[in-house]
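Please read it alongside the sequence and the structure shown here.

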Amino acid sequence: MPDPLRDDIRLLGGLLGTILQETGGKSLLDDVERLRELTIRAYGGDAAALDEAYELACSFPLDRAEEVARAFTCYFHLANLAEEYHRVRVLREREQGASAGAAMDDSIPQAFTQLAEEVGREEALRRLQEIEFRPVLTAHPTEARRRAVSRAVRRISTLLAERDTLHPGGTSRAENERRLLAEIDVLWRTSPIRAAKPTVIDEVKTAVGVFDSTLFQTFPEVYRRLDDWLLGDDAGRTTPLARPFVRLGTWIGGDRDGNPNVTAEITRQAVALASEHVLTALEDQTRAVGRRLTLAQTGTPASSGLQALWNKQRQLSDVVTAAAAAESPDEPHRAVLLVVADRIGATRRRDADLAYGTPEQLEADLQVVQDSLLEAGATRAAYGDLQRLIWQVQTFGFHLAEIEVRQHSQVHAAALAEIEEKGVHSPDLSDRTREVLDTYRALGAVQRRFGVRAARRYIVSFTQQAEHLAAVYRLAELAFDGADEVPVIDAIPLFETFDDLQRSVDMLEAMLELPQVQRRLAENGRRVEVMLGYSDSSKDVGPVAATLALHSAQARIAEWAQRHDITLTLFHGRGGSLGRGGGPANRALLAQPPHSVDGRFKLTEQGEVILARYGDPTIAARHIEQVAAATLLASAPSVEQRNVEATERFADVAEALDASSRTRFHELVRSEGFPQWFAQVTPLEEVGLLPIGSRPAKRGLSVNSLDDLRAIPWVFSWSQARINLAGWYGLGTALREFGDVERLRAAYREWPLFTTLLDNVEMSIAKTDERIAEKYLELGDRDDLARLVLDELRLTREQVLAVTGNPWPLANRRVLGRAVQLRSPYVDALSLLQVRALRALRTDGASEGAGKVDGTSKDRWQHLLLLTVNGVSAGLQNTG
């Protein structure tokens, strides 16, 4: 571990120890230390130490067990923030140490340089200016951390960063440590578990909080850095070459598939809340830019265009313009911008006399100011802060993020059937059908106020025939009395299951025959979006077969789009965990089939991934740059050729791995009684009790089949049990049955898709623990299923390491591998406490409602279990 990071973790761990001793006495600290030392010894290979650790965990009174669980959870929050800050520290050092004009690895300049060598600078620049990166924020319940805890962690992180600027031995350093102790004390005393499930609007507030803290300033910062590199010394005084390429989307408040809490009214509220935040930010930014634009008329005269704009503003309001003129004597550019800021405020307040109708109107006014500055020779003022503001308007509009609606195809089918039977205006329509129609009316209202950009995408879950897309358009027509009122809609198919991925092109062919689709193609320049579901396909056929099926489907869909002269955007429904398509997005991008990217990349950013990737400005900028660089480079001739040739050369490997892994996976999950056993040996039922998301964890009251279970708790529960089965099961058998290790090693070296697959599995395996897993599996009554899982875990570890050549998982990724090793014993401590709670809850007494288990109320055992779920999530990080 790097020395600065080690020092930070030791400091924070020591301060936590001080707080534990102050609040719980030396005995609490001693208990924590005893359990920690035993799990470290056990992780090092001492089998007896693991038994001792479990006995110790079982010996704690329940109050003490909860305190110990909270102590380890606090430690992980502190370790996580130290690691995050160290990433920031390293990124800043790399940037400062880079020679003039040099490009960092995985950066846009590096990708542009390589692409220009292959296709020429002019073509590379054209492609760069047309790339699109569309992250879509979703509220899936994988972020187990409360917002109060997140805020406390952020305050501690700020204090930790402050230490790098303080002089050792000074009183300021002592003051910093005192404040750290105070904040860690707050973190320790803050309940890690929410009192109630968050509402959908709570989830919206969490997302817009990330916008407020990082995204509003980070996106234009990325554009500015790119422009600095492209233009060199001319940057900031000539027309920017960088164009805004990030467009934020959100499902929060729009995704109603399986979430009855998302209604048409909630969708309206979500959009209004986001708009409030972005308009406030734009107003403040415009006012700040205007107040700095103190350029006198004598040296920087107003253009005729600016004078005309000022006259127009005076006609709108003498009062507002008089105030701006009084604040800006002989400073016309400043005065105009201050009025622009007032008009943005009026837009937020919905003051019709002053409000802008569209963000394009605001952008046009800013362009007039910029042109006037250029005409007067003030190029640096024109292309400085004002350009940054223009980029922000172009990126966020008045809506901040495009809200996307998602609904299940069967809900549409049922609504159409009911309307056909009863009539669209019948008072006897069910509440669900009324809600379906109201959703379209909400979309219409959003478009009327914020424009089509704010809401036009409608994702259809479980699209299995073209009629499921036709239903979206038909229902939109039925929701309104006049055709001119129907909102603009692009129905987007979501292919989720293995069978649907296989039939995707046939369904797309049929989709093209729909008149509504033909009309939209004529209007939008023949642009089509197709969404791919990673979660359900993985739960359907296992992670290996799903990965291969998704890759094959992308290749076939891309070829279909080429054949029909369609500009295709593939929307990747990736989760945070490896079992749901997680892993580094930039590396996955470079393994995609030809023309499946073509400068456009869209994906879901879910749960804990949102804060991990976008919570800190430096890390957010680096993530955006890496993804944008990979998006640009994915269509380089060399990359496309490598992927095509490798896919063809190793087609036999893909075919064999697909068949073997799928058979092995089905052997397990299709066993009689498997769903019930799964619920026994993991905290599946208890995860559903954790108040971490507004959406229900399962579709029914109990889990009688995997179809009843959503993919998120499927993955989340296996990670809690330290098995991570959703990320690797079936691969070990597939590799062994293929048998030719040398050919597999060649595939690992030369086939990017296979490299990414094995690297992700290796990370998943690194976070498993066979000894801990055994204790979870002992909770069930199926030794045959437990043996299948453990045998496949051992086999997968053995086979993956044989192919990668690593002595242990992640050995070739020194920092990450070491971090996982150092964390694991601490996670083990929480897992042992979790097993203890699960064992108590799995006794006969647990089925007696709110009765007692081992003389203790069931609620207390559940509380301990939920505390450990929180802690394990913090320790493992990419859990859901």
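Arginine 520 and glutamate 523 both belong to helix 21 (residues 515–524), where they stand 3 residues apart, about one turn of the helix; helices (H or I, at least four residues) and strands (E, at least two) are DSSP runs, numbered from the N terminus. The model is a predicted one, in which local features need pLDDT of at least 70 and side-chain atom pairs count only at pLDDT 80 or more, while totals for chains, interfaces and linings use all residues. Residues are numbered from 1 along each chain as its sequence is written, and side-chain values use heavy atoms, with hydrogens and water left out.

**Salt bridges**

- The side chains of arginine 520 and glutamate 523 meet in a salt bridge at 2.7 Å, N to O, the term standing for a side-chain nitrogen of Lys or Arg within 4 Å of a carboxyl oxygen of Asp or Glu.
- Arginine 520 has 14% relative accessibility and therefore counts as buried, a class that means under 20% relative accessible area, with exposed over 50% and partly exposed in between (1.4 Å probe, protein chains only).
- By the same rule, the count comes to 68 salt bridges.

- Aspartate 8 forms a salt bridge with arginine 89, with 2.9 Å between the closest N and O atoms; the pair links helix 1 (residues 3–43), which holds aspartate 8, to helix 3 (residues 62–97), which holds arginine 89, across 81 residues.
- Both aspartate 8 and arginine 89 are buried.
- Arginine 457 and glutamate 402 form a salt bridge whose closest N and O atoms are 2.5 Å apart; because arginine 457 lies in strand 5 (residues 457–461) and glutamate 402 in strand 3 (residues 402–403), the pair ties together parts that are 55 residues apart in sequence.
- Arginine 457 is buried at a relative accessible area of 6%, and glutamate 402 is buried at 5%.

- Strand 2 (residues 249–250) runs parallel to strand 3 and is joined to it by 2 bridges, with glycine 249 opposite glutamate 402.
- Histidine 572 lies in strand 8 (residues 567–573) and is buried, with a relative accessible area of 3%.
- Leaving aside neighbours within four places in sequence, histidine 572 is in contact (heavy atoms within 4.5 Å) with residues including Leu532, Tyr534, Phe601 and Thr604.

Methods: Two strands pair if DSSP finds at least two bridges between them.
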